[in-house]
Amino acid sequence: MRPGDLLYPRKCPFCTRLLPAGEEEDVCPECRADLPWTRGGGKTKGDFFSLCLSPLEYSGKAREALLRFKFRGRKAYGRCFGRLMAACVRENLPWEPGVVTYVPLHYFRFRSRGYSQSRLLAEALAEELGKPCRALLRKARFTRPLNPLRGADKRRAVVSGSYALSRSGAAGIEGERILLVDDVVTTGATLSECSRVLLTAGAERVACATLCRAAHKR
Ligand SMILES: [Zn+2]
């Protein structure tokens, strides 16, 4: 049992049932057996990143839990999700990242939601990996949510130029090995654009990590 379990009984984020007392894992045994786990780290790649790792497919209970985390205020899931991502990164990333960062939300969206899900994931992941989490990027202009049905080329055109270095990023990322976090990877257009900004600013390499990988048609 962990400290605080008596005051705040822990729930499995995927089925929302209470975890058995003394359960060490963050995910209940049924969900552990049942979740749509990816194989081999769920590797995908994009134009400006060679590796994105995701422990789960974006379907079933994983998708539902991510939607509660993102839109229904279940911020506490971040810790469990960060652990799942950390295990996936440790097992499948062939080099050690020096810093963790995340795809930023535009201020308007941040204000309406009150928190950034990718930042919560990045902070939890960074803590697990024992690395710093820095806000290296900012949203340069507002873009509507990307519609996966619009196709990879159109998505690329929509996100191009929509991210820039933040003040912290501009303070120096030369030679950094960066792990870039988002909640879901679909076509990889957003992660690719963010990677491009980081590499252009002198990052040595960028890999990405997301909780889920969504299927898409190219
Ligand atoms: Zn469960």
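1. Metal donors are N, O and S atoms within 2.8 Å of the metal (3.2 Å for Na, K and Ca), and because water is not among the atoms, sites may look incomplete. Four donors count as tetrahedral if all angles lie between 85 and 135 degrees; four count as square planar and six as octahedral if opposite donors are over 155 degrees apart and all others between 65 and 115; anything else is irregular.

2. The model is predicted: local features need pLDDT of at least 70, side-chain atom pairs count only at pLDDT 80 or more, and totals for chains, interfaces and linings use all residues. Residues are numbered from 1 along each chain as its sequence is written, and side-chain values use heavy atoms, with hydrogens and water left out.

3. The zinc ion has as protein donors the SG atoms of C12, C15, C28 and C31, which lie 2.3 Å from it. The arrangement is tetrahedral because the 4 donor atoms subtend angles of 103 to 115° around the zinc ion. Along the chain, these donors follow the spacing C-x2-C-x12-C-x2-C.

4. Burial is judged by relative accessible area: under 20% is buried, over 50% exposed, and in between partly exposed (1.4 Å probe, protein chains only). C12 is buried at 1%, and C15 also counts as buried, at 19%.

5. Rings of Phe, Tyr and Trp (its six-membered ring) pair if their centres lie within 6.5 Å; planes under 30 degrees apart count as stacked, over 60 as edge-to-face and the rest as tilted. This rule gives 3 aromatic pairs. One of them, F69 with F81, is edge-to-face, at 5.3 Å centre to centre and 80° between the planes. F69 belongs to helix α2 (residues 60-71) and F81 to helix α3 (residues 77-92), so the pair ties together parts 12 residues apart in sequence. Helices (H or I, at least four residues) and strands (E, at least two) are DSSP runs, numbered from the N terminus.

6. Both F69 and F81 are buried. The rings of Y77 and F81 have centres 5.7 Å apart and planes at 70°, so this pair is edge-to-face. Y77 and F81 are 4 residues apart in helix α3, about one helical turn, and both are buried. F14, F69, Y77 and F81 form one aromatic cluster.

7. Helix α8 (residues 189-200) is largely enclosed by the rest of the structure, because 9 of its 12 residues are buried. Among them are L191, C194, V197 and L198. Just after α8, G202 takes a positive phi of about 105°.
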